[in-house]
Amino acid sequence: MNSKIIQIAARFIKPMFLLISLLVLYRGHNLPGGGFIGGLLAAAGYIFYMMAYGVKSTIKKMWIKPFRLMAMGLLLAFISGFFALFANAPYMAGQWISVFGVKLGTPTLFDLGVYFAVVGVLLTIMMSILDKQEKWD
Amino acid sequence: MADLKIYEMELYLPIAAIFLLAFLAPFIQKRAGSAAGWILALLPAFSFFYYLGLSIDIGFGVAIYESFAWIPSLGINFSFYLDGLSLLFLLLITSIGALVLVYAGYYMKGYALNDRFYMYLIFFMASMMGLVLSGNLISMFVFWELTSVSSFMLIGFFHEKPESRSAALQALLITVLGGLALLAGFVLINQITGTYEIIDLLSQRDAIQSSPFYFTILLLVLAGAFTKSAQFPFHFWLPNAMAGPTPVSAFLHSATMVKAGIYLLMRVAPLLGGTLAWKTGLTTIGVITMFLGAYFALTQTDLKKVLAYTTISALGTLVLLVGIDTKESIKAAIIFLVVHSLYKGSLFMLAGSIDKKTGTRNLKQLGGLSKTMPYTTFVALVALFSMAGLPPFIGFIGKELIYEAKVAVPGTANFLLYTGMLSNVLMVAVSAHIAWGVFFGKKGNTPLQPSETPFRLWLGPGVLALLSLLLAIFPSFLAENIVSPAISAVRASDINVKIKLWHGFNLVLLLSFITVVCGIFIFVFRNTIIPFFVKANGLLVRFRFADEFSRLIDNFLIFTKKKTNFIQGGIQRIYLLVIFIVTSLFVWYQLFYTGFWNTSYEFGVMPFYAVGLVLIMIAATLLTVITKSRLTAIISMGVVGWGIALIFAFYGAVDLAITQIMVETLVVVLFVMVVYHLPVFKNFSSKATRVRDAIVAIVFGGFMTGLTLKADYLNMYPAISEFYNQNSLSLGKGRNIVNVILVDFRAMDTMGEVLVLVIAALGVFSLMRLKIIKSKKAN
């Protein structure tokens, strides 16, 4: 797509979506939102950008490539369950600590893992379909 | 019942140590080189003396028991139970194992991958020890299967030969098939008694035998025992298993593993034994196996195959004796078990030595070895005398006891006695045939010039042969500390037996005498009798079990391939069709039986916007089906999805609504992208196919509706939502229940879902990229 309007819009929409997605991820524990929805929002931002500028230039601008994101997310979610074992609780039982009054728990870590995995999955699917000729890494 | 004093002891330590040794064996072999056999034999030898020390306690009627929880909720534990029966087997396994390792240390020299060989052999030893020491049926089953697996590895050790591979596979398939039957039998036993622990089962004999499942259990357990112990009609895997290296034949396929079936029968005899079905089944199969084994042994020309068939005969005898189920017969069985392990282990090792030194195992080529291999000859003669049942060897005691047991059987005794005698006559003939043909007579025509084997090759057989003599002359230790407790365990009552070499002049001695005379008669006229048998076999025995079995397996493979090609043809439409049809048939069946329409169901009044929304969704669905444009279809599907999202929102499921909207939007975008690459829309399918698809779709959709209706009025359990409502904040530290469920309460599920997503993404990726790689190659 070579529409200037979409390309310019995409430049603003992508960071906005990312910001919103992080917000949704953060507030997910008490209000509607969470890792899954956040991941979908972030992916939507990237996909819009992809449609405007093509796959290659989008992927180039990402710090972590979709494949890595996918693996990282899965790994995070997987690891988050192990903290419970140190507390002599079954795998995946939530563990919480309080840092300067902010409650941090393994479910947060898990949610972050889901977020990354969802972004990775959607972008992998999208770029597989959008881009059939180019080689990307 | 034996006096059950329960000690706390580390019974499992030798087994654990030997398992560990199995994995260290390759390294030890590499470091120690030719001394490896000696070093590796140390631990089994030590274990032998450890268990021998325990035999003093066991001799007083003590049973030792210990248990470690494994899956306690299912009653599955690592329990170890040492009584007379397990002790007997443990002593056989460790002693013969140590001797075979010393033997193998020399025998396997120069073969490729012999470090692995030690690993498999020692692994087998530990599994076998675990099997006989298990006090829990499930852990016993696990060890049982481990012995099958290690036997597979060992039979197929010369993996470059196709016959080794096929023999290994055959043995594995048969024993594992039996193992599965055994597992089913054990589970049924558990269903009746509620326990897998042998120690608890012993008191539940009546419950099992009066259960309607008794016959099924018996069949399943016997299937396990008979396949493992090479009973007719599963006997054929054992001669083929001779494709493995000789130490394996000596250890697994004569002395220990094939006796696992016998062990099992003896172990479950207090539970399942004593009934008519048990006696009939065991004696029938036992007699057939005993006779066929002895008969076929006579016509073989490969020394190892001769021994394999005599092993089958001996195993048949053991099954028969267990089946007669009297005190005398069990006594005979236990003694004969020891006798057979001693002489057969020895003979197999000697056969290997002869093979090594002469380059052949063919009886027609061998001859006159007594001049060149005097020690080997001497040891072999002792073992063969024991096999023929001649005094003063322990084989004589074994045979006398067998005759005694058979004479004492009421009813069918005569038939059992005569077939038993006939088999023994053949055994005597076979022994004489081997003894004369291999060691005396005219000098053979062998590929290698025979020479005496080194000390290490005749130490093992020599010790076993010596034991055959010593235990016969001084039987009291064997009788008091090993045989009596073993019999007590099988009979589940305290029994003390005496063993004597000389029983005086009586009927049994007369029978023995007749047997030997007839055997010698056959031997003398062997040149007319054996060719006659061979000829008769050629005419009669067209039906070969091994061939039939491999044909069965081949046909099964062809069948499964056809079936798979039919159901999973590689076309996605067909996959979907199969899944839809099968699922809807099952669910419709259930819905018809239990009903899905609640007659008292009342439709609540829906708000007007909800009604409108549903109408829009129905219209969009219809449009999706009838439209000629892909884009229209996709967008109408999107409308349906958005409608669902709005309904979620109306009823307060905000998270769901947001997710649905996001997913729906992304899916539409995705579809549009895919459509962009597709060729122009055309109708390829015939009208009949479309009607078929429509019917399947309606049936499938119908059952989903039915299920939803049913789910609405069927509340089998109190709803769990209340629990989440109350605990979300206190336990999950979050006010958003949906998210707390996702990331905390049911995080495991979420994890699985994310994993599925990742797999799907990889699938899409590889499907799309595969095309690119292919087209690039084409260019």
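In which loop of chain B is the place of P233(B)? P233(B) lies in the loop between α9 (214–228) and α10 (237–240) of chain B, where helices are DSSP runs of H or I with at least four residues, strands are DSSP runs of E with at least two, and both are numbered from the N terminus. The structure is a predicted model, in which local features need pLDDT of at least 70, side-chain atom pairs count only at pLDDT 80 or more, and totals for chains, interfaces and linings use all residues. Residues are numbered from 1 along each chain as its sequence is written, while chains are lettered from A and ligands numbered from 1 in the order in which they are written.

The model has an ipTM of 0.90 and a pTM of 0.74. For chain B the mean pLDDT, the predictor's confidence in each residue on a scale from 0 to 100, is 85, and 95% of the residues reach 70 or more.

Chain B contains 31 helices and 2 strands. Its radius of gyration, taken over C-alpha atoms, is 35 Å, well over the 28 Å that the globule rule (2.2 Å times the number of residues to the power 0.38) gives for 779 residues, so chain B is more spread out than a compact globule. Along the principal axes, the C-alpha atoms of chain B fill a box of roughly 110 × 70 × 55 Å. An automatic or database domain assignment divides chain B into domain 1 (1–180 + 241–257), domain 2 (568–716) and domain 3 (723–779). Between the C-alpha centres of domain 1 and domain 3 of chain B the distance is 45 Å.

Of the 779 residues of chain B, 44% are buried, a class that requires 20 or more other C-beta atoms, placed from the backbone, within 10 Å of the residue's own. Contacts are counted between residues whose C-beta atoms, placed from the backbone, lie within 7 Å. Among the contacts in chain B with a separation of 6 or more, 79% involve residues 24 or more positions apart.

Strands β1 (residues 64–71) and β2 (residues 76–82) of chain B run antiparallel and are joined by 7 bridges; pairing requires at least two bridges found by DSSP. I64(B) has L82(B) in β2(B) as its bridge partner. The hairpin of β1(B) and β2(B) has 4 residues between the strands, and G75(B) in this hairpin takes a positive phi near 75°.

Most residues other than glycine have a negative phi, and most peptide bonds are trans. The peptide bond between F232(B) and P233(B) is cis, with omega about 0°. A230(B) also belongs to the loop between α9 and α10 of chain B, and its phi is positive, near 55°. A230(B) is buried, with 27 other C-beta atoms within 10 Å. Another residue with a positive phi is D325(B), at a value near 65°. D325(B) is placed in the loop between α14 (303–324) and α15 (327–358) of chain B and counts as buried, with 20 C-beta neighbours inside 10 Å.

The contact between the chains takes 37 residues from chain A and 34 residues from chain B. On the side of chain B that touches chain A, α27 (654–677), α30 (737–745) and α31 (747–778) each supply at least two residues. The most is given by α31(B), with 14 residues. By class, this side of chain B has 23 nonpolar residues (Ala, Val, Leu, Ile, Met, Phe, Trp, Tyr, Cys and Pro), 5 charged residues (Asp, Glu, Lys and Arg) and 6 polar residues (the others, Gly among them).

Key: Contact = placed C-beta atoms within 7 Å. Buried ≥ 20, exposed ≤ 12 C-beta atoms within 10 Å, placed from the backbone.
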